[in-house]
Amino acid sequence: MSVVKVTFEGEVRRGRVEEVTYEALLKVVTELVPDVHELVLRYVDEDGDTCLLTEQTFDDFVEQCTGGPLRVTAAGHRGQSGRLCPGKIWRHLRGEVTPELIAELMVTHGELAAAMVERKAWKLDRVAGWWPEKVRPVVAVVVEGLRDIPEISTCRAGLEHALDAELAGLGQAVIDLAREFVAQPVEVQRRIAEALSVHLVPLIDRLRGGRRV
């Protein structure tokens with residue numbers, strides 16, 4: 001029998017698993033943090049990096065926990081299931097786009113965005129290689145929005161480095177930013193989101209054809 005320690009919203013919850021399997025761990029986590037939808041689990045590897053816990057990374061996770069409890073960080077949202085969907089997020093932007101709306105979406109759907117970034121970062125690098133003239137202004141907007149947020153200064157430096165290096169390593173820099181964002185307390189997430197949203201509204205208007213419906 002192994003001890004499971006789950007950190008959720010800053011609180012550590014403790015449970016046990018008879019057998020160390022991915023399915024058994026998920027069952028215990030969902031019992032420890034009930035009524036949480038779109039649950040995302042992460043663990044810290046031997047290099048101190050925060051990694052997404054999936055069925056494919058489970059063996060690595062268990063190796064990191066050898067001789068100690070199975071420690072994971074859980075995130076998700078409480079409320080109606082199925083809220084987190086990229087299409088639904090975009091539909092929020094059909095009406096008037098305001099900084100307040102963008103900030104709220106960033107905080108509400110931060111976990112979804114982080115998970116998507118980890119899966120699709122290679123595509124971001126490819127797009128940056130194909131259309132650097134379109135990607136560079138977007139990255140510059142994000143860097144400017146983060147300028148006065150000390151909690152995320154290391155990630156901002158990573159994006160600045162990508163700008164200086166012809167966008168090389170942009171995918172990893174965005175992964176680092178997404179991970180750091182969701183790891184922050186909600187009040188810090190909101191401050192980051194509010195700082196970025198002011199710069200993102202004009203960009204979203206351009207993506208929608210320069211008009212507000």
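Okay, so two strands count as paired here if DSSP finds at least two bridges between them. Helices (H or I, at least four residues) and strands (E, at least two) are DSSP runs, numbered from the N terminus.

Keep in mind that this is a predicted model: local features need pLDDT of at least 70, side-chain atom pairs count only at pLDDT 80 or more, and totals for chains, interfaces and linings use all residues. Numbering starts from 1 along each chain as its sequence is written, and side-chain values use heavy atoms, with hydrogens and water left out.

The protein chain has nine helices and five strands. Have a look at β3, residues 36-44, and β4, residues 50-52: they pair antiparallel over three bridges. R42 has L52 in β4 as its bridge partner. The two strands make a hairpin with five residues between them, and in that turn G48 has a positive phi of about 85 degrees.

Now, the second largest pocket. A pocket, on a 1 Å grid over the protein atoms alone, is an open set of points where a 1.4 Å probe fits, with protein on both sides within 12 Å along at least five of seven lines; lining residues have an atom within 4 Å of a point.

So which residues lie nearest its centre? They're T73, A74, A75, E111 and V182, out of 42 lining residues. β5 gives the most to that lining, eight residues. Other elements supplying at least two residues each include β1 (2-8), α5 (110-130) and α9 (186-207).
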